Amino acid sequence: MIRPSRLPTAPRAGYPLAMRARDLGARIGIGTPGPLNAITDVPGVTVGHTTLISGAGALVVGKGPVRTGVTVVCPRGAARRGPVFAGCHRLNGNGELTGLEWVRESGLLTTPIAITNTHSVGVVRDALVAASIDGTDARWSLPVVGETFDGLLNDINGFHVTGAHLHAALADARGGPVEEGAVGGGTGMICHEFKGGIGTASRVLREAAGGYAVGVLVQANYGKRSWLRIDGVRVGEAIPVSEVPSPWDEEESRRTPPAGSGSIIVVVATDAPLLPHQCERLAQRAGLGIARVGGTGGHTSGDLFIAFSTGNELPAGTGEDFDPVGLSTYDVRVVGDIVVDELFDAVIEATEEAIVNTLVAATTVVGRDGIVAHALPHDRLVEVMRAAGR
């Protein structure tokens, strides 16, 4: 079943799309969230999903069950609407985020960012290339496509994601509230041995520091239960696998890599005017947000981050259409380092809260061979947090 997500144009009280951390009384950090507490608080940024769910029971490669999809983040709301300055960082490299060599070399992001499962990166990348050119010219494209592994729940070797699903996600991309949990690329993902997936959050700087927005979107598929912390509380120890089983417990015969293995992709957006090296510094701070939730960047984890800034309107010719004759110089704005620490804080807190929102929003999913990824139980989370004085 192809299920492109359709979102309301404005939220109502309580974020009706799914429960979120703050709906349960959890407040992460001390910063101020944006109106949506989402990456779409950065003006112009849009998000779209295509979710694929079909079949049940035993795995039959090529037929299912299918629990996967694709998610896109568009910096300027369209497949090709001018480049943005960008930077990237690797915490641990057992994963893929294509196009990063050109991001490092040029400091530019020229396409939307797509996130899917590990074995669908190629087809999604090719489809994003097709979406980034108009078919009448010789332009080239090096799109950014990330992945995490959903093979514990999904028929990952059935290659069920197609180019049409990427195009559907692009068509679905919009501003406003973002659907979270078991949707899009996050449909088959597991986080701290609970159901994981897509999550988002944001922070807004003080007016004296420019009032800039920083938004984060994660595809979370990593982590051991025992390491899980929420706002510093040892939630994973309080809700162990003996109480809420781990999906890895049902895969004893093939437990390689070990329980809790996996990856996380983090996309950071801001409207603060930044240069590429400053974007790279923001991307690096996502790792601190992951650490606060209990991520360790383990050997089998792909912890890959990209940050971009929409704070400068760059000429179209600075991207893949570079015209050395028609464009010799252009002016850009940049924040001073006095503001950078506040941007760092915003990235760290928004990354932490985006992961927690993933866990709170995600619902229990039964995958291939009847393997169950249980949702984080809201009642127990509230109980544990209250007992800790949160």
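Reply: Strand 12, helix 5 (residues 276-293) and strand 13 form a right-handed β-α-β unit. Right-handed means that, with the strands pointing away from the viewer, the path from the first strand over the helix to the second runs clockwise. Helices (H or I, at least four residues) and strands (E, at least two) are DSSP runs, numbered from the N terminus. This is a predicted model, where local features need pLDDT of at least 70, side-chain atom pairs count only at pLDDT 80 or more, and totals for chains, interfaces and linings use all residues. Residues are numbered from 1 along each chain as its sequence is written, and side-chain values use heavy atoms, leaving out hydrogens and water.

Me: Is strand 13 enclosed or open, and why?

Reply: Strand 13 (residues 302-309) is largely enclosed by the rest of the structure, because 8 of its 8 residues are buried. Buried means under 20% relative accessible area (1.4 Å probe, protein chains only).

Me: Which way do the residues of strand 13 point?

Reply: In a regular strand the side chains alternate between the two faces of the sheet. Here G302, L304, I306 and F308 point one way, D303, F305, A307 and S309 the other, and all are buried.

Me: Which strands are joined to strand 13 by bridges?

Reply: Two strands pair if DSSP finds at least two bridges between them. Strand 4 (residues 84-93) runs antiparallel to strand 13, with 8 bridges, and F85 sits opposite S309. Strand 12 (residues 263-270) runs parallel to strand 13, with 7 bridges; there V268 faces A307.

Terms used: Buried means under 20% relative accessible area, exposed over 50%, partly exposed in between (1.4 Å probe, protein chains only).
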